[in-house]
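Here is a short briefing for someone meeting this structure for the first time.

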Amino acid sequence: MADLLSDVEFDMFRKVIYTESGITFSDTNRSILDSRLKERLREKQLDSVQDYYRIITSDKEEMKLFLDSVTTNLTRFFRNQPHFDALINYVIPHLLEQKKGQFDKKIRIWSAGCSTGEEPYTIAMILKDILPPPYTFEIMASDISLKSLMVGKQGFYADSRVVGIPEKYLAKFFTKVDGGYQVSQDLMQTIRFDYHNLKYAPTARNLDIVFCRNVLIYFDEAAQLEVINHFWDAMAPKSYLYIGHSESLFGMNTKFEFLKTNWACLYQKNI
């Protein structure tokens, strides 16, 4: 088994991670990269990190698996409740008012960096509950982790993972099965899970809401700005952007306006 990464090897790998994904690895999380590389070497039955480097730089599928392995997928249902309170009490009412006179009655949402699906399913439950007819919605849920996307697509969550879901939602949108809960087919059909690397522009347009929470912290300022500009281009006028409560666009040269509601702070494409 390979030794710990040398300084030169660490620099090689963090540069290729940054180039391919925009994710920044600093010296403080060097041990994480080292341990994830050890796992990949074991799975590929390789002895040298140099050999593995040659593979990822020539094989796009292995590069995807490698980037998957070095990302962190920490999430839960209804994470940061004030964000969803703002969705219910501010964002959705304002969007419905905007769309009142329009032919298009669909609300389009992107959960970017959706991990194992708890965030998009949370949004879907809320909208199923509060959207009046004839309004409908669709959610695009994306991540760089293929393993996480598969969990979201399957819609099965262990008992310990459904903590925090209100009882009325659990009863309405989940079925109790051995070892956990299965999301209802009706709810699953509102979400399209798909692989997307935030380094690249999405094909989606006219999005009314973008959730990208606790993702920007893995990027440096240049990569953050690139991602934020991609969001701007993909979003509709008078649309809303959610980022993590520890993240901020202050000091960045973006067109988004800071929006403070009674429930949470977010950003708006206010044109």
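**Loop positions and backbone geometry**

Gly113 sits in the loop that runs between strand S1 (106-112) and helix H6 (118-130), where helices (H or I, at least four residues) and strands (E, at least two) are DSSP runs numbered from the N terminus. This is a predicted model, in which local features need pLDDT of at least 70 and side-chain atom pairs count only at pLDDT 80 or more, while totals for chains, interfaces and linings use all residues. Residues are numbered from 1 along each chain as its sequence is written, and side-chain values use heavy atoms, with hydrogens and water left out.

Surroundings of Gly113

- Gly113 is partly exposed, with a relative accessible area of 25%; buried means under 20%, exposed over 50%, and partly exposed in between (1.4 Å probe, protein chains only).
- When neighbours within four places in sequence are set aside, Gly113 is in contact with Ser142, Asp143 and Val215, contact meaning heavy atoms within 4.5 Å.
- Between Gly113 and Asp186 the separation is 73 residues in sequence and 23 Å in space, taken C-alpha to C-alpha.

Backbone geometry in other loops

- Most residues other than glycine have a negative phi, and most peptide bonds are trans.
- The peptide bond from Pro133 to Pro134 is cis, with omega near 10°, and Pro134 belongs to the loop between H6 and strand S2 (136-143).
- Asn80, in the loop between helix H4 (60-70) and helix H5 (81-99), has a positive phi near 60°.
- Asn206, which is not a glycine, also has a positive phi of about 60°; Asn206 lies in the loop between strand S6 (191-195) and strand S7 (207-212) and is partly exposed, with a relative accessible area of 48%.
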